[in-house]
Amino acid sequence: MALKDITMGQYFPGSSPIHRLDPRAKLVALLCYIVALFLAKWFVTYAIVLGALVLVVVLSTVKPKALLRGMKPVVFLLIFTGLLNMFYTPGRTLVSFWVFTITYEGVLHAFFMVVRILMLISCTFLLTYTTSPLALTDGLESLLSPLKKLKVPVHELAMMMSIALRFIPTLIEETDKIMSAQRARGADFDSGNLIQKAKALIPLLVPLFISAFRRADELATAMECRCYHGGTGRTRMNKLSFRPADGVFMALALALAVGVGILAHAGL
């Protein structure tokens with residue numbers, strides 16, 4: 001897996017209907033979609049949830065190749081989760097060898113679990129692909145604004161999340177540069193056992209941490225020079241405003257969650 005395959009946190013500018021939606025509408029719709037995803041139990045409900053995801057991908061004009069490329073870092077997690085569910089779910093035995101038993105229910109459970117994780121990651125990636133970090137921060141802060149009455153630092157939390165997402169691609173690029181430099185000096189990150197590979201990462205992690213702390217210090221200095229003091233009295237150049245399309249999008253997402261819940265209760 002190449003580091004360039006990690007696409008989390010990247011934003012792909014565009015003018016699609018999904019790009020133009022209010023970030024608050026997309027956050028609420030994402031929450032409803034996740035609820036629907038965890039309510040789905042059988043082929044019918046999973047097919048409905050998958051169909052909704054495919055429709056949003058088509059409307060967003062995000063290339064499926066970008067989503068598939070972003071799945072590469074979680075291949076091991078998917079395989080591990082699938083095997084655990086396949087071997088340790090009781091039911092009708094299909095294959096039995098040594099201490100492992102594969103059941104019919106285990107195969108189905110593993111399949112649904114892997115599909116659920118894939119769709120969960122895809123919908124999360126779609127949010128960052130179609131929403132700029134600044135818009136995402138404003139939308140999250142607006143949704144969490146009632147917590148300000150409880151003295152919760154909503155603006156600071158949203159800002160930290162935005163900065164974290166913004167610097168994921170930067171850190172990945174920095175890691176790739178350091179790995180290339182270390183390979184040019186004879187470093188080997190691929191061969192050897194697990195302990196040897198872990199030791200080989202030390203020349204990579206030390207300069208990466210130094211670079212990350214330097215960037216954090218530079219960012220803090222830049223924010224102080226611009227008289228940044230948190231969200232108190234802060235204004236925005238572009239104010240968020242709901243449009244009819246945002247309301248329709250949230251209503252459809254809510255209807256999806258309710259409909260999937262009803263169908264799942266009926267055993268579909």
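This is a predicted model: local features need pLDDT of at least 70, side-chain atom pairs count only at pLDDT 80 or more; totals for chains, interfaces and linings use all residues.

**Stop 1: a proline in a loop**

Select Pro153. You'll find Pro153 in the loop between helix H6 (133-143) and helix H7. Is Pro153 buried, exposed or partly exposed? Its relative accessibility is 42%, so Pro153 counts as partly exposed. Glu141 and Pro153 are 12 residues apart along the chain, and their C-alpha atoms are separated by 9.6 Å.

**Stop 2: the hairpin**

Next, select residues 93-97, which make up strand E1, and then residues 100-103, which make up strand E2. The two strands run antiparallel and are joined by 4 bridges. Together E1 and E2 form a hairpin, with 2 residues between them. Click on Trp98 in the turn: this residue has a positive phi of about 50 degrees.

**Stop 3**

Which residues make the nonpolar surface patch? Select Leu94, Val95, Phe97, Trp98, Val99, Tyr104 and Val107, and you have it: a patch of about 750 Å². Strand E1 gives the largest share, 3 residues. One of the patch members to click on is Tyr104, which is found in helix H5. With a relative accessible area of 37%, Tyr104 is partly exposed.

**Stop 4: the aromatic cluster**

Time for some rings. The count for the structure comes to 8 aromatic pairs. Select Tyr46 and Phe112 and show their side chains. Why is this pair called stacked? The ring centres are 4.7 Å apart and the planes sit at 10 degrees, so the pair is stacked; the cut-off for stacking is planes under 30 degrees apart. This pair links distant parts of the chain: Tyr46 belongs to helix H2 (residues 43-60) and Phe112 to helix H5, 66 residues apart. Both partners are tucked away: Tyr46 is buried at 6% relative accessible area, and Phe112 is buried at 7%.

Phe111 itself counts as partly exposed, at 46% relative accessibility. To see the whole group, select Trp42, Phe43, Tyr46, Phe111 and Phe112, which ring pairs link into a cluster.

**Stop 5: the salt bridges**

How many salt bridges does a search of the whole structure find? The answer is 2. Start with Arg24 and Asp22, whose side chains meet at 3.0 Å, N to O. Arg24 counts as buried at 11% relative accessibility, and Asp22 counts as buried at 5%.

Then jump to Arg215 and Glu174, whose side chains meet in a salt bridge at 3.2 Å, N to O. This pair ties together distant parts of the chain: Arg215 sits in helix H9 (residues 202-225) and Glu174 in helix H7 (residues 154-184), 41 residues apart. Arg215 is partly exposed, with a relative accessible area of 28%, whereas Glu174 is buried, with 15%.

**Stop 6: the cysteines**

Last stop! A disulfide is a covalent bond between the sulfur atoms of two cysteines. How many disulfides does the structure hold? It holds 0. To check one cysteine for yourself, select Cys32 and Cys123 and look at their sulfurs. The closest cysteine sulfur to that of Cys32 is in Cys123, 12 Å away, which is too far for a bond; a disulfide needs the sulfur atoms within 2.5 Å. Cys32 is also buried, with a relative accessible area of 12%. Finish by clicking on Cys225, which counts as exposed at 60% relative accessibility.

Technical notes:
Residues are numbered from 1 along each chain as its sequence is written. Side-chain values use heavy atoms; hydrogens and water are left out. Patches are made of residues with over 30% relative accessible area and no salt bridge: like charges are joined within 9 Å, nonpolar side chains (Val, Leu, Ile, Met, Phe, Trp, Tyr) within 5 Å. Accessible areas come from the Shrake-Rupley method with a 1.4 Å probe; for residues, only the protein chains shown count as cover. A salt bridge is a side-chain nitrogen of Lys or Arg within 4 Å of a carboxyl oxygen of Asp or Glu. Buried means under 20% relative accessible area, exposed over 50%, partly exposed in between (1.4 Å probe, protein chains only). Rings of Phe, Tyr and Trp (its six-membered ring) pair if their centres lie within 6.5 Å; planes under 30 degrees apart count as stacked, over 60 as edge-to-face and the rest as tilted. Two strands pair if DSSP finds at least two bridges between them.
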